[in-house]
Amino acid sequence: MSYNIKKAAVLGAGVMGASIAAHLTNAGIECVLLDIIPFELTEADKAKGLTEKSPEWRNRFAANGLDTVLKVKPAAFYTKKSASMIKIGNFEDNMKMLADADWVIEAVIENLKIKQDLFAKVEKVVKADCIVSTNTSGIPIKDISANFGSRMKKNFLGTHFFNPPRYMRLLEIIPGEETRKEIVEYMEEFCERVLGKGVVICKDVPNFVGNRIGVFDIANAIRLMVEKDMKIDEIDAIIGRALGRPGSAIFGTLDLVGLDTGHHVMKNLYEAVPNDEMREMFLPSDFMSRMMEKKWLGNKTKQGFYKRSQDDKGKKAKLVLDYRTMEYAPVTKPKFDSISLAKKVEDDVPKMIKTAFDGKDAAAQLVREYLCNNFIYAANRIPEICDSIVAIDNAMKWGYNHQLGPFETWDAVGVKEAVAVMKSLGKQVPGKVEEMLSSGFHSFYAKKEDGLYYYDFTTKNYVKLKENPKIILLPSLKERKRIIKQNPGASLVDIGDGVVCLEFHTKMNSVDQHIIQMIFESCDIVEKDFTGMVVGNHAVNFSVGANVFMVLIAAQKGEWDILEKLVGDFQNANMRMKYLSRPVVTAPAGMALGGGCEIAMHGVKCQPCGETYIGLVEVGVGVIPAGGGCKELMVRVTEGIPDGTIEAGLNLQHFYSKAFENIAMAKVATSAVEAMELGYVRKTDNVSLNRDQQIWDAKQVVLGISRFYRKPDPVMIPVMGENFRGMCDSVVYNMRHGNFVTDYDMQIAKKLAYVLSGGDCPEGTLVSEQEILDLEREAFLSLCGEAKTQDRIMHMLNTGKPLRN
């Protein structure tokens with residue numbers, strides 16, 4: 001039986017259910033969202049003339065759920081327009097909406113009877129091949145499905161999303177005892193490819209994998225803090241970035257998630273695992289229970305382990321809870337030598353963690369005991385919760401944003417060395433690990449010529465990690481000597497089938513002369529020897545823009561010839577890509593700002609990751625886009641205009657006002673779909689939700705268009721001339737008098753308007769791309785000479801924030 005999910009239904013419109021529905025629409029899947037009927041009419045309902053038969057009343061919970069998720073921050077939808085793909089209803093009137101659903105996801109309250117009663121209704125209406133799942137985080141799958149008929153048991157499994165579903169990569173799949181193998185395989189592939197998830201297959205045990213290991217990790221840190229009489233901000237300073245953890249560390253994360261959620265999960269886990277050797281660790285500490293009583297739940301109640309306040313002078317202040325006195329005090333910035341040393345090698349995560357582990361101070365002592373407890377607990381959970389170390393490592397990386405999982409971390413500090421520490425601390429070393437070491441296996445992972453291997457406790461040997469052909473790893477290809485050319489800023493890597501990838505690797509992938517040079521050289525090589533090129537990388541950010549420090553130094557020294565050449569070279573490099581005789585597909589992800597956005601816009605196609613934050617932000621440092629960003633946005637906003645309509649009197653104001661607004665307000669798209677709405681990405685381009693597969697997706701686009709590829713024809717751009725500048729002047733004048741912009745903002749806006757107007761020409765004139773590039777370059781250089789621009793650049797370099805001057 002083949003499966004193809006095109007329509008889904010989510011049962012339960014709470015924050016989680018509605019957010020799952022939103023993410024399904026991000027992937028282009030139509031969705032039904034149902035919830036219960038309200039308990040009774042309110043006086044406000046009666047005043048509106050509503051009755052118990054009114055759909056507005058009967059569908060209220062589903063409607064409220066959708067309305068809430070439309071307002072939530074960070075946004076659950078790629079674009080709010082996608083909410084139109086969700087149809088709302090209720091469990092009493094609209095269960096027939098499930099009749100043509102390909103996947104039904106239950107996300108109601110964690111109550112076994114309520115779930116079982118709801119599934120009894122579902123079973124009566126779904127089609128024979130409908131996949132049915134529960135998003136439960138703790139109730140056993142076998143208990144939920146106990147009353148199912150044979151057919152639905154075979155189609156049923158757990159699909160545990162982590163919150164918020166759009167941003168959290170982990171999705172745990174929990175097969176039931178009778179779940180069809182082909183459904184598990186299909187869902188794993190579908191959730192990875194279509195929803196962009198990292199899938200971990202779990203056993204039907206309490207809290208599955210992510211929360212079983214993750215909650216222990218947090219409980220371990222809290223228990224050690226109390227035992228060692230340390231402070232909350234000290235623990236967060238130690239168990240933070242230096243250990244490959246997110247910046248929110250332990251207690252910042254609990255404030256973010258909500259103490260009520262953390263307390264509930266810990267308490268439930270304690271009750272659910274009577275035979276767990278570390279069960280007592282899950283009992284919430286007394287001070288956490290007192291916080292629950294006081295409703296100090298974290299960010300949602302504006303105070304938890306941390307609290308935002310103001311001092312006597314009205315200045316913002318951050319306070320931290322003293323759990324011994326239950327009073328707040330100003331946050332300190334604890335310093336530990338081992339942590340400071342570790343952060344000096346933060347670009348090498350394994351080395352950073354080992355540096356902290358090997359330290360001599362109190363922080364290092366905590367790190368050793370904390371990590372060793374984690375190592376022992378993780379090893380003892382195999383095969384109870386899953387069958388491999390890889391599943392546990394992935395769950396912690398994808399579900400808790402750890403840079404390394406427990407076994408990867410164990411390798412980083414040294415397996416043998418960590419075992420010695422365990423023994424010195426009087427801890428029980430797992431027998432399977434002792435056996436592994438005595439058999440000559442000294443690490444959990446091993447790189448071999450044919451790939452990566454992991455140690456398997458069942459076979460007591462290394463097993464090759466299954467490779468996904470859709471995941472192209474540039475570092476692996478480099479190790480196999482697939483580099484064609486490289487310099488300090490970028491590398492050109494052969495990714496197979498006649499396609500190469502241009503990878504940036506400057507700090508933050510900022511555009512400098514090395515990247516510009518490599519674009520030229522890569523284009524020459526591709527044109528001669530290859531089918532096409534992808535421009536992409538694995539960094540957090542595609543490119544944050546030009547190296548503004550380099551621009552600042554040149555401007556301060558008055559090296560205008562050098563700066564003009566640099567800008568001209570960047571423009572020409574982008575144009576070389578655009579008009580190459582071979583297809584160039586850009587693959588932005590993360591931040592693609594300023595020059596990064598301009599590079600992304602100059603491919604013949606763009607294959608953005610769903611989580612791409614792209615925009616032309618140059619006005620923030622007092623300049624305008626000069627790498628072809630203004631020009632390319634002008635092309636985008638006018639390219640669909642039919643021939644003859646401009647001559648017939650079409651007003652271009654609507655088209656160009658969008659371009660002016662985008663650049664003048666430094667608008668940044670918060671998703672690839674919003675980037676299409678703003679014009680940074682064409683609506684004919686596709687989106688990759690799985691970042692790991694993005695370069696492969698882009699490669700397929702290159703191969704798909706290369707066979708009959710014809711490079712683009714030169715573009716002539718219709719402009720408005722002085723009429724556009726007059727319109728912009730009036731808008732900016734009003735904004736200045738409303739004190740929304742400064743005098744210098746007005747000066748920048750006038751320079752921008754001049755470029756977008758096409759210069760001194762009448763409305764309807766057709767200008768070449770090169771004419772706009774010349775205007776861009778001239779405006780950029782003139783603004784660089786202004787002291788206020790240099791002040792803005794310096795302020796951005798020092799603070800990371802724009803300056804209004």
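This report describes a helix, the nonpolar cores, a sheet and the cysteines of one structure.

## Basis of the description

The structure is a predicted model, in which local features need pLDDT of at least 70 and side-chain atom pairs count only at pLDDT 80 or more, while totals for chains, interfaces and linings use all residues. Residues are numbered from 1 along each chain as its sequence is written, and side-chain values use heavy atoms, with hydrogens and water left out.

Helices (H or I, at least four residues) and strands (E, at least two) are DSSP runs, numbered from the N terminus. In helix H20, which spans residues 431-438, Val433, Met436 and Leu437 are buried, where buried means under 20% relative accessible area, exposed over 50%, and partly exposed in between (1.4 Å probe, protein chains only). Seen down the axis of H20, these buried residues fall within an arc of 95°, so they line one face of the helix; the arc is that of the directions from the helix axis to the C-beta atoms. The face turned away from the buried side of H20 carries the exposed residues Gly431 and Ser438.

The buried residues of H20 pack against helices H16 (362-380), H18 (406-413) and H19 (415-424), and against strand E13 (451-456), with contact meaning heavy atoms within 4.5 Å.

## Two nonpolar cores

A nonpolar core is a set of buried Ala, Val, Leu, Ile, Met, Phe, Trp, Tyr and Cys residues joined through side-chain atoms within 4.5 Å. The largest one has 123 residues, and those with the most contacts inside it are Phe251, Phe305, Phe407, Trp410 and Phe444. H16 gives the most to this core, with 11 residues. A second, separate core of 86 residues includes Val621, Met634, Ile641 and Leu783.

Two strands pair if DSSP finds at least two bridges between them. Strands E17 (residues 499-504) and E18 (residues 532-535) pair in the parallel sense over 4 bridges, and the bridge partner of valine 500 in E18 is methionine 533.

A search of the whole structure finds 0 disulfides, a disulfide being a pair of cysteine sulfur atoms within 2.5 Å. The sulfur of cysteine 609, for instance, is 11 Å from the closest cysteine sulfur, in cysteine 606, which is too far for a bond.
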